[in-house]
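This briefing sets out the computed features of one protein structure for a reader who has the sequence and coordinates at hand. Please consult the structure below alongside the text.

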Amino acid sequence: MGFTDNTTGKFEWGTPHNQIYFDVKNDKGEVATWAVEMSNITNMQMRGIYLSTFKPGDLVSVKINPLRDGRLGGNYTSVTAADGKTYQ
């Protein structure tokens, strides 16, 4: 499942896992916030992701494995920043 050109709400850097929140507009223009779990700090740093990588208001494209229960969230498989750099 993928989302393109979404606004980052916040990026939480911590243990056990990092979280990125982003806003998605539906066809009616309504905004829903999705919560996506990332890996731990060490794994993120090995992939080039740091606390300063994503800031509120940044545009991101996110690919996730969605939650099975239908809540707005999942585990990330990749995130592409506004500058075009993709993190996996």
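The model is predicted. Its largest nonpolar core holds 18 residues, a whole-structure search finds two salt bridges, and five aromatic pairs are present.

**Nonpolar core**

- Within the largest nonpolar core of 18 residues, those that touch the most other members are F22, M38, I49, F54 and V79.
- Two or more residues of this core come from each of the elements β1 (2-12), β2 (19-25), β3 (31-37), β4 (59-66) and β5 (73-80).
- In soluble globular proteins, nonpolar side chains tend to be buried together.
- With neighbours within four places in sequence left aside, the contacts of V79 are M38, F54, V60, S61, V62, K85, T86 and Y87.
- M38 and F54, both contacts of V79, are also listed with V79 among the residues that touch the most other core members.

**Strand pairing**

- Strands β2 and β3 are paired in the antiparallel sense, and seven bridges connect them.
- In this pairing, V31 of β3 is the residue opposite K25.
- β2 and β3 form a hairpin in which five residues lie between the strands.
- G29, in the turn of that hairpin, has a positive phi of about 85°.
- β3 also runs parallel to β5, and the two are joined by three bridges.
- A35 has G73 in β5 as its bridge partner.

**Aromatic pairs**

- The structure contains five aromatic pairs.
- For F3 and F22, the ring centres are 5.6 Å apart and the planes stand at 55°, so this pair is tilted.
- F3 lies in strand β1 and F22 in strand β2, so that 19 residues separate them and the pair links distant parts of the chain.
- F3 and F22 are both buried.
- For F54 and Y87, the ring centres are 5.8 Å apart; the planes are at 80°, and the pair is therefore edge-to-face.
- This second pair also links distant parts of the chain: F54 is in the loop between α1 (41-46) and β4, Y87 is in strand β6 (residues 86-87), and they are 33 residues apart.
- F54 counts as buried because its relative accessibility is 3%, under the 20% limit.
- Y87 is likewise buried, with a relative accessible area of 7%.
- F54 and Y87 belong to a cluster, linked by ring pairs, that also includes F11 and W13.

**Salt bridges**

- How many salt bridges does a search of the whole structure find? The search finds two.
- Side chains of opposite charge can pair when their charged atoms come close.
- K10 and E12 form a salt bridge in which the closest N and O atoms are 3.2 Å apart.
- K10 counts as partly exposed, at 41% relative accessibility, and E12 counts as partly exposed at 33%.
- R71 and D69 are joined through their side chains in a salt bridge, with an N to O distance of 2.7 Å.
- R71, at 54% relative accessibility, counts as exposed, and D69 is exposed with a relative accessible area of 52%; both are classed this way because the values are over 50%.

**Two residues in their surroundings**

- N6 is placed in strand β1 and is buried, with a relative accessible area of 5%.
- The backbone oxygen of T4 is reached by the side chain of N6 at 3.3 Å.
- Apart from neighbours within four places in sequence, N6 is in contact with F22, D23, V24, D58, L59 and V60.
- F22, one of these contacts of N6, is also among the core residues that touch the most other members.
- Where is R71 placed? R71 lies in the loop between β4 and β5.
- The side chains of R71 and D69 make a polar contact at 2.7 Å.
- R71 and A35 are 36 residues apart in sequence, and their C-alpha atoms are 9.1 Å apart in space.

Key. Residues numbered from 1 in each chain as written. Predicted model: local features only at pLDDT ≥ 70, side-chain atom pairs only at ≥ 80, totals over all residues. Heavy atoms only, no water. Core = buried A, V, L, I, M, F, W, Y, C linked by side-chain atoms within 4.5 Å. Buried < 20%, exposed > 50% of the residue type's maximum accessible area, 1.4 Å probe, protein only. Helix = DSSP H or I, 4+ residues; strand = E, 2+ residues; numbered from the N terminus. Contact = heavy atoms within 4.5 Å. Salt bridge = Lys/Arg side-chain N within 4 Å of Asp/Glu carboxyl O. Pairing = 2+ DSSP bridges. Polar contact = N/O pair within 3.5 Å; in protein donor to acceptor, adjacent residues only side chain to side chain. Phe/Tyr/Trp six-rings, centres within 6.5 Å; stacked < 30°, edge-to-face > 60°.
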